[in-house]
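Please view the sequence and the model together while reading.

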Amino acid sequence: MIAVFLTRAARHRALLAALFLLVLPFLLPFRATAVNVLIDGLFAVGFNLVYGYVGLLSFGHAALFGGGAYATGLALLRLGLPWYGALALGLVAGAGIAGVIGLLATRTRGIYFAMVTLALAECVYYLAYQASGVTGGENGLRGIVLTKIDLFGLDLDFVDPLTRYFVIATIVALALAALSRILASPFGAVMEMVRENEARARASGVDVRAVRVLAFVLSGAFSGLAGGLQALHLAIVPIETLDYGNSGMVVMMCLLGGAGTFFGPFIGALVFLLLQNLVALVSSHWQLPVGVVFMACVLFLPRGIWGQLARWRPA
Amino acid sequence: MAPGVNEDPAILRTEAVSKSFGRFKALAGISCEFHRGRLTAIIGPNGAGKSTYFNLLSGALAPSGGRILFEGRDITGLAQARFAALGIAKSFQITSIFPELTVHENVRAVLQAREIRLNFWRSRNAYPQFVAAAAALLERVGLGGRARVIAGRLAHGEQRALEIAMALASRPRLLLLDEPTAGMSPEETQAMMILIAGLVPAHTVILVEHKMKLVMGIAERVLVLHHGEVLAIGTPDEIRANDEVRRVYLGQREH
Amino acid sequence: MAGLSLDLLALQIFTGLALGAVYVLLATGMSLIFGMLTVVNFAHGAFFALGAYAGFLVLALGGNFWLALLAVPIVTGLLGMAVEWGLVRHLYGRGIDDPLLLTFGLSYVLVELIRIFAGTQGLPFDTPDALAGAVDIGIGYFPLYRLFVIAMTVTILFLLWLFLERTRIGLIIRAGARDPEIMRVLGVDTGRVWRLVFGLGTAIAGLAGLLAAPLQGVSPEMGNAILADAFVVTVVGGMGSLAGAIIAGLLVGVIVSLTALFAPEAGDVAIFALMAVVLLIRPQGFFGRAGLMS
């Protein structure tokens, strides 16, 4: 039953995602969480592109997300770009930083990849920390103001929480649709080849390293867009956006939901944020239960929540 | 340039290639040529250096000495991806497929990866030529009825046949097969040998096989390796008549 | 830099060696664990912090620094063995990412436990009285405690070397690091040896945390920052190589120390530039085996 439902669901995944996004803010116990689910969900989906689809474990995605956030913030603050231009710049920044990190990190494989991406992301953190004249240093980038969104003649009030939610939801839905197309494209097929059997892909004439770098750049674009959306949403880019903790968070979200599945990372972001918010009601030490849940997930549910559901077949 | 005109009949030749691992000399100066449109078998008892030689031919290992010439061009020491790009395809000794994709997708992925890699936007299903070509290849290796099955769930013999289809999908100028019948049942082995025999003369095939008896019926030329050296080379009849070969294979279970 | 004397430069290099000594200990423990178990321990920084806090606790309970030097490696070592037995062990054979992810989750738990029991604020950690002050080392006055850190590191490495070279278990570990098959042939209980090695690595990490505590104070996050540095050392030196850990650790320490003198604003970034250069020129690191890359 479930399997049949899920197979059908997979065929209309973009539509299903849109429907889900439409009802999400009305389902959550914490209204403010809904926007965070969108942004972190998109971030986790971007991360999944490298971990889930080409098998590269990155611990440096904060640099891509944060790079996008700073680029979008600076574009609004310093360059005076319209909001969509600022977001586009965030996307490009994420992809660009991913290009540099990806070219360096793919010189190594396996165990080194996680360490090198983590270290290079720390480097980006320190660079932003030092360049306080541009980035605001440890105080973060402040004063990003966006109250109105003009969309094809429509003047939308970005201050109103629900309007803001639906503006961001629309952008995230478009990004998911784009991702869905990429996964279904010939390049998506090549990524699958690399993940499924690297030696065979190589013997079929595929330049495995180039595929990895490209996937990393694409992942950077999605992560950068997510970062840009967060800059618009929070009206500030805290320096912690570039922090190791942010890289770790997206790893947890993706694995909790299910790496290598289309919806998994989104579900993971939802579960992670709900857990965080629920624990925060009683204690400030949310990292303890989150860490325990994550360890349990690695030990007992390596496919993640959605990944496990999708494999559930009637006996 | 029309094929076959003023061309060397040998598509691949090795000139005194050797391979050492540390102090151990696995191959000592093998010189041999492999002709276009022929099926050449490389045989020899365990530890004869067959696999090492195969890995040199497929580019998985670089020789310690000597030269490898493909279509007259020196390819010694090139990366394996370059070997593949030149048209040297190989099957693996251990089954190597994309286990989570369907049988059809396995073949189509290889076909498509040759020509379209950098399209991020069109659907991968929007290329009818690859769909048709993949179906034709599956038909050829006898998997026409299994196209929609997840490849990881195929029987062992079927997976090996799928591998041949995948190797053919990369439209190789030279096809290298490493013990394609390893672990197969007698029926599967029989079917595989018929399949391989049918590949020539459209393709050039080099086959590494442990069991001598299997290849004698289908190979046109046989290279016998022993202790990392060429023991004999010739037609199956010549090899059968060769005293040295008889002596080496005497006492072995396979004859 | 006309006013810069050679002595000042030498002193700064010496300071770098003391800092590098801490890196060497961290990277040695990581390399030991990886070389034997092929587990990248992402909780290594957490064990480092735990060692510092365990030392703090010993002092708070009325003990002295020397007692802490003895107790800390025992505590973090036993905890490491418990972690291997209770958690990591179940992931052998599941690929290289799973133990890494598990220890990453564990680091969250350990750091948060520190926050719960010791507070979120950093705490000062006094240099033991006997090691306070400075001594003349020929090129100028040098803090005695830093000398002690260098001496301790040399001692620990020497003991480790003795253990690996001169004991039966050490022999088994060295053989096993090269070929797990040999362990099975020798009839060794691999599970116990692996547990011991994991504990040894975390014991050294805890000791490194204790030694670093008087230099920088203690804070729950102290391990997170140094984890990235330890990774740089490991990448530069080559994973699984003890010689690589030593040379790269000292090199990174000296580079940090010298950039702090010449270009303070570049101090945090310099070692990552070093790593980038090593990746471009020799991706497997100084002493790394190319085979480990795949």
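In chain A, 74% of the contacts between residues at least 6 apart in sequence join residues at least 24 apart; two residues are in contact if their C-beta atoms, placed from the backbone, lie within 7 Å. This is a predicted model, in which local features need pLDDT of at least 70 and side-chain atom pairs count only at pLDDT 80 or more, while totals for chains, interfaces and linings use all residues. Residues are numbered from 1 along each chain as its sequence is written, and chains are lettered from A and ligands numbered from 1 in the order in which they are written.

Chain A contains 15 helices and two strands; helices (H or I, at least four residues) and strands (E, at least two) are DSSP runs, numbered from the N terminus. Of its 315 residues, 56% count as buried, meaning that 20 or more other C-beta atoms, placed from the backbone, lie within 10 Å of the residue's own.

How confident is the predictor in chain A? The mean pLDDT (the confidence in each residue, from 0 to 100) of chain A is 88, and 94% of its residues reach 70 or more. Confidence in chain A is lowest in helix 1 (residues 2–11), at a mean of 58, and highest in helix 4 (residues 61–79), at 96.

Chain B holds an open sheet of four strands in the order 2-1-4-5, with antiparallel pairing; two strands pair if DSSP finds at least two bridges between them. Strand 2 (24–35) and strand 5 (73–74) of chain B stand at the edges, each with a single partner strand, so one side of each lacks a neighbour in the sheet.

Key: A residue is buried if 20 or more other C-beta atoms lie within 10 Å of its own, exposed if 12 or fewer, and partly exposed in between; C-beta atoms are placed from the backbone.
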